[in-house]
Amino acid sequence: MEKKEVIDLVNALSESLSVIYLTSIDENSYPQTRAMFNLRNPKTNEGYPTSFEGDEALTFYFTTNTSSQKIPQIKNSKKASVYLCKPDCFDGILLKGDIEIIEDTKIKQALWRDGWKMYYPQGNPNDPDYSILRFVPHKIQGWSRGQKFEVDL
């Protein structure tokens with residue numbers, strides 16, 4: 001598969017999934033994977049941005065609690081991966097890259113949903129327990145339509 005085909009496939013698959021999987025590295029250097037709400041899905045994220053000025057191709061944003069295990073893991077190691085899968089079609093895509101904690105209040109406010117008040121004690125985007133993560137992939141590996149592929153970004 002050509003690079004553009006792979007990028008198009010990642011975009012199409014990511015826009016169809018309500019949940020994607022984020023892996024960070026824990027304090028003992030073991031991977032820790034968890035399901036995350038997919039902010040790139042237009043059906044569940046209608047009217048909200050999926051990218052911001054200056055973003056690289058295939059940038060992913062995640063929300064999390066500042067008090068979660070992810071935050072110290074990301075502070076310790078910027079290496080992470082995102083996995084997208086549609087098991088019924090045997091499609092699976094692994095994105096390897098770097099993740100960072102975003103402090104930009106404009107991005108935090110743009111991504112905020114009133115339905116998240118139950119997850120954050122202060123119930124607003126200024127809540128200190130509300131954090132945004134930005135993942136930028138550098139390599140894509142996967143399997144789709146009976147074809148294995150690997151692409152560097």
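This is a predicted model: local features need pLDDT of at least 70, side-chain atom pairs count only at pLDDT 80 or more; totals for chains, interfaces and linings use all residues.
I'll start with the salt bridges. The count comes to five. Asp 8 pairs with Lys 4, and their closest N and O atoms are 2.7 Å apart. Both residues sit in helix α1, residues 3-16, with a spacing of four residues, about one turn of the helix. Lys 4 is exposed at 60% relative accessible area, while Asp 8 is partly exposed at 39%.

Next, Lys 139. One of its salt bridges goes to Glu 150, with the closest N and O atoms 3.2 Å apart. Glu 150 is in strand β7, residues 147-152, and Lys 139 is in strand β6, so this pair ties together parts 11 residues apart in sequence. Glu 150 is partly exposed, with 48% relative accessibility, and Lys 139 is partly exposed too, with 22%. Lys 139 also forms a salt bridge with Asp 152, where the closest N and O atoms are 2.9 Å apart. That pair again links strand β7, which holds Asp 152, to strand β6, here across 13 residues.

Asp 129 lies in the loop between α3 (105-111) and β6 (130-144). What does a buried Asp 129 have around it, given that it has no salt bridge? The nearest side chain of opposite charge is Lys 108, and that is 9.5 Å away. The side chain of Asp 129 does make a polar contact of 2.8 Å with the side chain of Asn 65. Leaving aside residues up to four places away in sequence, Asp 129 touches several others, including Thr 64, Thr 66, Ser 67 and Tyr 119.

On to the aromatics. The whole structure has nine aromatic pairs. Phe 60 and Phe 62 are stacked, at 6.5 Å centre to centre and 10° between the planes. Both Phe 60 and Phe 62 are buried. Trp 112 and Trp 116 have ring centres 6.0 Å apart and planes at 90°, so that pair is edge-to-face. Trp 112 is buried at 8% relative accessibility, and Trp 116 is buried at 9%. Ring pairs also link these two tryptophans with Phe 37, Tyr 120 and Tyr 130 into a cluster.

Last, the cysteines. Zero disulfides turn up in the whole structure. Cys 89 is partly exposed, at 40% relative accessibility.

Notes. Residues are numbered from 1 along each chain as its sequence is written. Side-chain values use heavy atoms; hydrogens and water are left out. Helices (H or I, at least four residues) and strands (E, at least two) are DSSP runs, numbered from the N terminus. Buried means under 20% relative accessible area, exposed over 50%, partly exposed in between (1.4 Å probe, protein chains only). Lys and Arg count as positive and Asp and Glu as negative; His and the chain ends are not counted. A salt bridge is a side-chain nitrogen of Lys or Arg within 4 Å of a carboxyl oxygen of Asp or Glu. A polar contact is a pair of N or O atoms within 3.5 Å; within protein, one must be able to donate a hydrogen and the other to accept it, and residues adjacent in sequence count only if both atoms are side-chain atoms. Contact means heavy atoms within 4.5 Å. A disulfide is a pair of cysteine sulfur atoms within 2.5 Å. Rings of Phe, Tyr and Trp (its six-membered ring) pair if their centres lie within 6.5 Å; planes under 30 degrees apart count as stacked, over 60 as edge-to-face and the rest as tilted.
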